[in-house]
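Visitor: I have a structure open and would like to talk it through. Could we begin with the surface and then work inwards?
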Amino acid sequence: MGRARTTITAVSLVVRRFGREVFADQVREGRLRTAGMPPTVRRMARLGMGLFWVVAGLALIAPVLGLGRDKELASGFVDLLLVVCLGFLNICVQPMRRGWRVGALVLSATSMIPQMILLGIMVGTGGTSFITVLGLVGLAVLGGSLMLLIVFIIMDRGLQGWRLWLAGAAGGVGHLTALVIAWGFPFARSVNELSVMITDVALLYVAIPLAAAAGVSYAQVATNVATWAVLSVRDLLTPAAWVASAVVVCGAGLAMPLLRGPALPGAVMTVVHTLVSVALAAAGMRAVHRPVDVPRPTAVTADLASKGLLFAGLLCSWLLLLPVVALPGELLKGVPLSVFGDGVTAVVTIVLWARGIRRRQSIIVVMAPGIFCTCVYSMVLAIARRTGLGALPALSARVTGAVLVVLALCQALAWARRGGFSPDRDRGRWAILTMIGLEAVIFPWRESLAEPLEAAVQGSAAAVMLAGLVWRVLTEAEYTHGSSPGFPAPARVLFFVGQALLAAVFVLQSVMLPHAMSGVINLQQWTSVVDSVVGHGVQIGVAVGLLMLGRWRVDPMDPADAVEEMRIEARRLSRRGPAAP
C-alpha cells in the first residue's frame with residue numbers, strides 16, 4: 001500500500017510539474033499585464049481583449065450556426081469590427097513618435113478621403129434637398145476628424161484620456177461613414193465597396209503577420225512538451241529505466257517514417273535537407289567556439305517567441321507585391337508570390353546566422369540553418385511547379401526526426417566509446433538522447449494539437465489558426481512588459497490588443513465571407529506555411545543544440561527552472577506540515 005501511494009504521489013508530481021512548465025508558466029510569464037498603466041489604457045485594453053475573445057468564439061462557431069448565410073449582414077458586422085480596429089490603431093500611436101501617427105492617419109484616410117469626395121458630389125448635385133443636408137453633416141464630421149488627427153500629429157505625444165478616446169473615434173469614423181452611406185444610399189454602394197476594400201487591404205498588412213505567426217506556436221508547444229516530458233521524470237528514473245525509455249522513444253522516432261511516410265524521392269530530399277542544415281549549424285557552432293548563451297530547448301523556444309512575428313512577416317512579405325500585381329502589364333505575370341517571401345526570409349535568416357556567429361549567439365546559430373534551407377527548397381519547389389519542370393516532393397518531419405535520431409545515436413556511441421555515456425553517471429546525456437527521440441515522435445503531429453477543437457466545431461478550417469493565435473495572445477505579450485522612448489509600455493499594450501483583435505476579425509471574415517480579401521488570401525494556408533518553415537528549423541535547431549549541450553556536459557534544464565522547482569517543492573512540503581514520527 002505504501003509503495004502504491006508513493007507511486008501515485010510521484011505520478012501526480014510529474015503531471016503537475018509538466019502542466020506547470022508547459023502551460024501555466026508560459027501563460028504566467030507571457031500574458032498581457034496592465035498593472036501600473038493609466039486607467040484609460042487599462043479600460044481600453046480590457047475592452048479590446050474582451051472583444052478579441054468574443055470574435056474568436058464567433059469565428060469558431062460561425063460554421064456550426066451558419067452565421068455567414070446572410071452575406072450583407074455578415075459583411076456589415078465585420079466592417080463594424082474593423083471600425084473598432086481602426087480606432088485602436090489610432091489610439092496606440094498617440095504615445096509614440098510622430099511618424100507612427102502619420103502612418104495611422106494615412107490608414108484612416110484610405111476610407112475618409114473617398115467618402116469626402118462622394119459626399120462632395122452629393123452636396124454639389126443635390127440642391128437644397130435632405131441629401132444635401134446629410135452630405136454637409138457628413139463632410140463636417142469627416143473633415144473635423146481628419147483635422148483632429150492632424151492636430152494630434154502636430155502635438156507632442158501624450159496619454160491623456162480625452163485624447164485617446166477622441167483619436168479612436170476620429171480614426172474609425174471614415175469606415176463607419178462608408179457603412180452608413182452604403183446602407184442609406186444604395187446608388188453609392190459601389191464606390192463605398194471600393195473604399196472599404198482599400199481599407200481592408202491596408203489593414204491586412206497589419207493583421208496577416210500576426211495571424212500567420214500563429215503557426216509558430218505549434219513548434220513551441222511541441223518542443224516544450226518533449227522537453228518537460230523528459231525533465232519532469234528525470235530524477236525518478238533508475239539507470240535501467242533510462243535505458244529502456246531511450247530505447248523505446250528512439251525506436252519510435254526511427255519508426256515514424258514507416259507510418260504514412262513519404263515515397264523514396266521525398267525521403268531522399270528530406271535526408272539531404274536535414275544533413276545540410278545540421279552541417280551548417282555545426283559549422284556555425286564551431287565558428288562560435290565560446291558562445292555567450294546556451295542553446296537549451298527552453299531558450300530556443302523563448303528566442304522563437306521573440307522572433308516568431310519577424311519570421312511570419314518575412315514569409316508574408318509578398319503582400320508588398322500586391323499593388324504591382326494589380327497593375328496592368330506582364331511584369332509579374334506567372335511568378336508565384338510565395339517565392340518572394342521565401343527569398344526575403346532566406347536572405348534575412350542567413351544574415352541573422354552570420355551575425356549570430358559574429359556575436360557568439362548559439363541559439364540563432366543552431367536555429368537559422370534549418371529555416372534557411374527550408375526557404376530555399378520551398379523556392380525551388382514553387383519555381384519547378386510554375387515552370388512545368390514537375391512537382392518536387394515535400395519535406396517530411398517524420399524523416400527529419402528519424403535522421404536526427406540516427407545522428408544522436410551516432411553521437412551517443414561516440415560518447416560511450418570514451419566512457420562518457422553511463423546511465424548512472426551521465427543522466428544528462430541520456431535525457432538529451434531521449435528528448436531528441438521524443439521530438440521525432442511529437443513534431444509530425446504538432447498541428448494535431450488543434451484537432452480536438454477542430455472536431456468540436458465540425459472541421460472548421462479556422463480552428464488550427466485560432467488555436468495558435470490564442471496561444472500567442474496568452475503567452476507572447478512579453479514585449480509589452482518593457483518600454484523604450486520610441487515605444488513606451490502603454491503603446492505596446494494597446495498595439496498588442498489592437499493587432500490581436502484585428503487578426504481575429506480577419507479570421508472571422510475569412511470564415512463568414514470566404515470571397516472577401518482575407519478569404520481569397522487564405523490565412524489558414526499561410527499559418528501552415530509558417531509552421532512548416534519555422535517548424536523544420538526549430539526541430540533541427542533544438543536537436544543540434546541538445547547535442548552541443550551533451551558535448552559540453554551542460555544540464556539541459558535551465559538553472560532558473562531548477563531553482564523555481566525547488567522553491568515550489570519547498571512550499572508544497574511546508575503546507576503539508578512536519579512529517580509524522
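Predicted model: local features only at pLDDT ≥ 70, side-chain atom pairs only at ≥ 80, totals over all residues.

Visitor: Which residues form a nonpolar patch on the surface?
Guide: The patch consists of Ile 61, Val 64, Leu 65 and Leu 67, with about 300 Å² of accessible area together. Leu 65 belongs to helix H2, which covers residues 39-65.

Visitor: How many helices and strands does the chain have?
Guide: There are 22 helices and zero strands.

Visitor: And what share of the residues counts as buried?
Guide: Of the 581 residues in the chain, 50% are buried. As for contacts between residues at least 6 apart in sequence, 82% of them join residues at least 24 apart.

Visitor: Now a charged residue. Is Arg 398 buried or exposed?
Guide: Arg 398 counts as buried because its relative accessibility is 9%, and the cut-off for buried is under 20%. The residue is located in helix H15, residues 397-417.

Visitor: What does Arg 398 touch?
Guide: Not counting residues up to four places away in sequence, Arg 398 touches Met 256, Pro 257, Leu 259, Arg 260, Gly 261, Pro 444 and Trp 445.

Visitor: A word on the backbone, please. What is the phi of His 289?
Guide: His 289 has a positive phi of about 70°, although it is not a glycine. Most residues other than glycine have a negative phi. His 289 sits in the loop between helix H10 (264-288) and helix H11 (297-315), and it is exposed, at 60% relative accessible area.

Visitor: And what about the phi of Arg 553?
Guide: Arg 553, which is not a glycine, has a positive phi of about 60°. Its loop lies between helix H21 (523-552) and helix H22 (559-576). Arg 553 counts as exposed, with 53% relative accessibility.

Visitor: Changing topic: how many aromatic pairs are in the whole structure?
Guide: A search finds five. One of them is the tilted pair of Phe 152 and Trp 162, at 6.3 Å centre to centre with 55° between the planes. Phe 152 lies in helix H5 (residues 130-154) and Trp 162 in helix H6 (residues 161-184), so this pair ties together parts 10 residues apart in sequence. Phe 152 is buried, with a relative accessible area of 1%.

Visitor: And how are Phe 487 and Phe 495 arranged?
Guide: They form an edge-to-face pair, 6.2 Å centre to centre and 75° between the planes. Phe 487 is partly exposed at 22% relative accessibility, and Phe 495 is partly exposed with a relative accessible area of 22%.

Visitor: Which residues do ring pairs link into a cluster?
Guide: The cluster links Trp 415, Phe 421 and Trp 430.

Methods. Residues numbered from 1 in each chain as written. Heavy atoms only, no water. Helix = DSSP H or I, 4+ residues; strand = E, 2+ residues; numbered from the N terminus. Buried < 20%, exposed > 50% of the residue type's maximum accessible area, 1.4 Å probe, protein only. Contact = heavy atoms within 4.5 Å. Patch = residues over 30% accessible without salt bridge, like charges linked within 9 Å, V, L, I, M, F, W, Y side chains within 5 Å. Areas by Shrake-Rupley, 256 points an atom, 1.4 Å probe, with all protein chains shown as cover. Salt bridge = Lys/Arg side-chain N within 4 Å of Asp/Glu carboxyl O. Phe/Tyr/Trp six-rings, centres within 6.5 Å; stacked < 30°, edge-to-face > 60°.
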